[in-house]
Amino acid sequence: MKVTPLLLIALCASLQAADVATLQALGAKVTETAGVVTQVNVKCDAFTEADFRTLGSFPTIKDLTISGKTITDDNLALLTGLTELERLSSDGIQLTDAGYKHFAAFQKLKSLAFFHPAFRSEKFTGSGLAELKALPKLERLTFAGSTAGDDAMEAIGQITQLKEFRTWHTAQTQAGNAHLLKLTNLTGLRIGQRLPSWGNDSPISFDESTMATLAQIKTLESLELTEARLTAKIIPHLKALPKLAKLKIETVDISAADVEAIQAALPNCKVDHKPMSEADKETMLTKKLRL
C-alpha cells in the first residue's frame, strides 16, 4: 500500500488518539492544543515504571501537575523527555537531593512548585535545589510544606534568575531568610511561617524582625506576608522598598488601625488585608504554628 501524505497524517492522528486514551486510562486529565497534548494533571500514587514511561512519551506537554510518593529519582528520570515543559507543579514527590539533577532536562521551565517534597525524609536536606540554577528561564518557584530548612534556602539563593518566590510551612529559621538577599532579580515574594518541629519548639522563622531583611530586597514590587503577628512597626521597612506596589497581609494577627496606618504610609502601594477572627488566631497561629 502506498503511503500518501494524507494517509500519514491520518495514521499519526490515530496513534495520537490512542496514546491520549492510554494516558487518560491512568486517570490523567488531558488538554490538547492543535491536536497535541499540552497539559496534563495526574495523581501518580499507583504509577508503575511503565506508567511513568507512558507519561514521559508526550514531549509536547507544556504544563504538568503531578502528585504522589512514587515520584522518585529514578521515575523522574523517565520524564526527562518532556523537553517542552514550561510549568511543573508537584505534591508529595520523594526526590533525594541527588534527584534534582534531572531537572536539567527541562530547559524551557518557567514555573516550578514543590508542595510537601520528601516530607520527613533524611535523604532530602534541600541542598539539591541548587541544581535548578541551571534552568535559564526559571522565573517562579514555590517551596512549601517541607521539613527541609536553611540548606534549602541557601540552595534557593543560588537560583538568581528567579523573579518570584513563595515559601511557607518549612523548617527554615531567621538565618535562612538571609539567603533571599542573593535573589537580585526578585520582584515578587510570599513569605510564611515555619512548621513547628514535632514534639519540639522550633524558632519562629517570620516575625517583625524579619522585615529588616526583606527591606534590603529593593527590587520587590509585590509582597505577601502571612502567618505571623505584626504591627505598624513594620512601616519603616516597607517604606524602604522603593518599587513596592502590592502588599497582601493574610492570616496575620494585626489590628485594623495598624493596617490603616500602613496604607497611609504607602500611598502608592495597594494594601490587601484579610482580617482574622479570634477563633482563627487561636487555631492557626497559637495552636498550629505555636506563635
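Strand β3 is largely enclosed by the rest of the structure, because 4 of its 5 residues are buried.

β3 has a partner on each side. With β2 it pairs in the parallel sense, over 5 bridges, and Q39 has D63 in β3 as its bridge partner. To get from β2 to β3 the chain passes through α2, and that β-α-β crossover is right-handed. With β4 the pairing is again in the parallel sense, over 5 bridges. There, the bridge partner of T65 is S89 in β4.

Now the whole sheet. What is the order of the strands in this open sheet? It runs β1-β2-β3-β4-β5-β6-β7-β8-β9-β10-β11, which is 11 strands, with mixed pairing. The edges are β1 and β11, residues 270-274, and each of these pairs on one side only. From one strand to the next the twist averages 10°.

Strand β1, residues 29-33, and strand β2, residues 36-43, run antiparallel and are joined by 5 bridges. In that pairing E32 stands opposite V37, and T33 stands opposite V36. The two strands make a hairpin with 2 residues between them, and A34 in the turn has a positive phi of about 55°. As background for anyone looking at the side chains, in a regular strand they alternate between the two faces of the sheet.

Then the helices at the other end. Which strands does helix α9 lie across? Residues 278-288 form this helix, and it lies across β9 and β10, running at about 90° to β9. Returning to the edge strands, β1 and β11 each pair on one side only. Helix α8, residues 256-265, packs on the sheet and touches β10, residues 246-253, as well as β11; its direction makes about 170° with that of β11.

Next, the backbone. Two further residues have positive phi without being glycine. One of them is A118, at about 45°. A118 sits in the loop that connects β5, residues 111-115, to β6, residues 140-144. E227 is in strand β9, residues 222-229. E227 also counts as buried, at 5% relative accessibility.

On to charges. Side chains of opposite charge can pair when their charged atoms come close. How many salt bridges does the structure hold? The count is 12, and I will go through three of them.

E49 is partly exposed at 47% relative accessibility, and R53 is partly exposed at 48%.

Next is K62 with E84, where the closest N and O atoms are 3.9 Å apart. This pair links distant parts of the chain, 22 residues apart: K62 is in the loop between α2 and β3, residues 63-67, and E84 is in the loop between α3, residues 73-77, and β4, residues 87-91. K62 has a relative accessible area of 33%, which means partly exposed. E84, at 25%, counts as partly exposed too. Both residues belong to a network of salt bridges that links K62, E84, E86 and K108.

The last one I will mention is K248 with E250, at 3.3 Å from N to O. K248 counts as partly exposed, at 32% relative accessibility.

Finally, confidence. The mean pLDDT of the chain is 92, and 93% of the residues reach 70 or more. Where does pLDDT stay under 50? That stretch is residues 3-15, for which the model has 3 contacts beyond four places in sequence. Where pLDDT is low, the predicted coordinates should not be read in detail.

To go back to where I began: β3 has 4 of its 5 residues buried, and it pairs in the parallel sense with β2 and with β4. That is all I have.

Terms used
Residues numbered from 1 in each chain as written. Predicted model: local features only at pLDDT ≥ 70, side-chain atom pairs only at ≥ 80, totals over all residues. Heavy atoms only, no water. Buried < 20%, exposed > 50% of the residue type's maximum accessible area, 1.4 Å probe, protein only. pLDDT = per-residue confidence, 0-100. Contact = heavy atoms within 4.5 Å. Salt bridge = Lys/Arg side-chain N within 4 Å of Asp/Glu carboxyl O. Pairing = 2+ DSSP bridges. Axes fitted to C-alpha atoms, helices over the stretch in contact; angles between N-to-C directions. Right-handed = clockwise from strand over helix to strand, strands pointing away.
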